[in-house]
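Here are some notes to read alongside the structure, written as numbered points. Please keep the model open and look for each element as it comes up.

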Amino acid sequence: MRFIAVTGLTALCIGLFAYLGVSRASGLMNGPEFVAALNNYLRLQYEAEFYVREFENELDLMVAEKEKFPSRELDPLSTRPYAELRRLWPLIVFETDRLAEAYQAFLESGGGEDRLTLSDARRWLTSLTEADQLQILPLLLKLKDISGDHGPFPSWVDQSNLGALFRKNEAEIASKAAAYAGASRRRSERGAIVYPSPDSAGNFTGNLLPENVYVFTFDDGPGNKSTLRLHKVLTEYRDPLHRSGAPATFFVLIERVERAPDVLEATQALGFRINNHSWTHPDFSKIGAAQLRREIVDSTYELKGYLRTSFRFFRCPYGACFAPKVPAARELIAEQGLIHAYWNIDSLDWKNIGHPDRTVSLVIKEMQVRKRGLILMHDIHESTVDAAAGVLKWIRSRNEAGAHLQMLDLENAVDLVNQLGS
Ligand SMILES: [Zn+2]
């Protein structure tokens with residue numbers, strides 16, 4: 001009797017440990033989630049396929065137009081298909097890595113639940129048509145690399161030129177690409193998780209980000225010397241996805257922009273994202289309705305003028321714009337079509353001016369605790385520039401040691417959350 005009880009308990013413990021092991025190793029994915037993620041990945045690839053085709057159509061039109069009017073300036077990268085591809089690019093790279101990592105974890109642990117997951121995944125892979133396989137080629141290459149020769153991979157997978165295969169499957173690829181892109185557009189109109197709204201859907205904290213994804217945000221600028229030096233630091237830590245270097249999002253004050261429009265212009269020219277942090281940085285809980293309008297509505301209009309384009313986020317000074325104190329602020333922000341960007345990792349750099357090491361240490365510890373997040377910093381302090389360099393250096397060294405910490409700008413991060421959640 002006693003023996004049976006102990007055995008039962010042991011089995012339970014082994015089961016529990018096995019379960020925890022799987023969850024940790026595979027980024028919290030079980031079998032059905034893994035197959036759902038594979039399906040989502042196929043959808044993303046077809047969607048990107050659609051926009052590459054659209055992009056090529058735009059190029060054809062531009063080539064013809066340029067021939068007719070040689071002096072006309074045309075910019076393929078300012079077209080809608082290109083914007084869609086820029087949105088999909090980080091998503092696809094992120095998902096390729098995440099799925100390959102999970103597959104490897106399932107392969108390494110090899111038994112029980114994981115064997116079921118692996119056979120689910122292999123069944124999914126063998127159910128694909130040749131057209132589908134061509135769409136998910138980057139993932140197939142990684143999976144084949146991970147598993148050696150074991151796995152249901154087509155023989156052509158690592159050949160360098162698959163032109164004939166693509167031509168053979170052209171009809172199916174074209175029709176699926178159009179169907180997936182259309183479905184995605186309908187879904188994004190309906191099912192976004194984060195969007196402009198005075199309730200919680202319109203307040204992005206970073207808590208919803210997938211594990212290992214981080215966003216740098218810099219407030220209260222543009223500063224003069226410090227912001228320009230920060231540009232250099234970010235550029236040094238170049239990310240293959242971002243021509244400008246490590247991605248970062250700046251929340252600027254109009255009163256500062258008026259004093260340093262050239263710094264704003266440099267930030268934008270380098271490809272960093274710029275959003276609104278109000279006109280004069282008052283505490284919203286202490287001002288009247290007329291000033292609140294100026295700080296949110298007028299400043300948004302003004303910043304669009306400076307940027308010559310729209311933007312998507314607003315951050316209240318001190319983060320102070322929550323009910324019941326100032327619900328009006330969040331309503332005005334949503335009315336402007338903006339999402340409120342809060343944070344879930346606070347560098348406290350304003351308290352550690354001249355002491356960047358402490359800021360680095362606080363941020364790294366918060367990153368280790370939260371595992372994901374929106375990092376709040378201020379580019380008006382010289383010591384913050386040093387702190388940012390320290391955090392970026394740490395991220396790089398962690399990644400060189402095999403971690404997969406990813407930096408995104410806020411825009412791509414919110415798109416990622418909406419896409420993965422839909
Ligand atoms: Zn601020």
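Which residues point one way from strand 3 (residues 249-252), and which point the other way?

1. In this predicted model, Thr 249 and Phe 251 point to one side of strand 3, while Phe 250 and Val 252 point to the other, and all of these residues are buried.

2. Strand 3 has a parallel partner in strand 2 (residues 213-221), with four bridges between them, and Phe 218 has Phe 250 as its bridge partner. Strand 3 also pairs in the parallel sense with strand 4 (residues 273-276), again over four bridges, and here Phe 250 stands opposite Ile 274.

3. Strand 2 pairs with strand 8 (residues 373-378) as well, in the parallel sense and over six bridges, with Val 215 opposite Leu 374. In strand 8, six of six residues are buried; Gly 373, Ile 375 and Met 377 point one way, whereas Leu 374, Leu 376 and His 378 point the other way.

4. Strand 7 (residues 345-346) runs parallel to strand 8 and is joined to it by two bridges, and Ile 345 stands opposite Ile 375. Together with helix 14 (residues 356-370), strand 7 and strand 8 make a right-handed β-α-β unit.

5. The largest nonpolar core has 86 residues, and those touching the most other members are Val 215, Phe 216, Ile 375, Ala 388 and Ala 413. Helix 2 (residues 31-68) gives the most to this core, namely eight residues. Because domain 1 (11-190) and domain 2 (200-421) both give residues to the core, it lies between them.

Definitions and conventions: Residues are numbered from 1 along each chain as its sequence is written. This is a predicted model: local features need pLDDT of at least 70, side-chain atom pairs count only at pLDDT 80 or more; totals for chains, interfaces and linings use all residues. A residue is buried if 20 or more other C-beta atoms lie within 10 Å of its own, exposed if 12 or fewer, and partly exposed in between; C-beta atoms are placed from the backbone. Two strands pair if DSSP finds at least two bridges between them. A nonpolar core is a set of buried Ala, Val, Leu, Ile, Met, Phe, Trp, Tyr and Cys residues joined through C-beta atoms within 7 Å. Domain bounds come from an automatic or database domain assignment. A crossover is right-handed if, with the strands pointing away from the viewer, the path from the first strand over the helix to the second runs clockwise.
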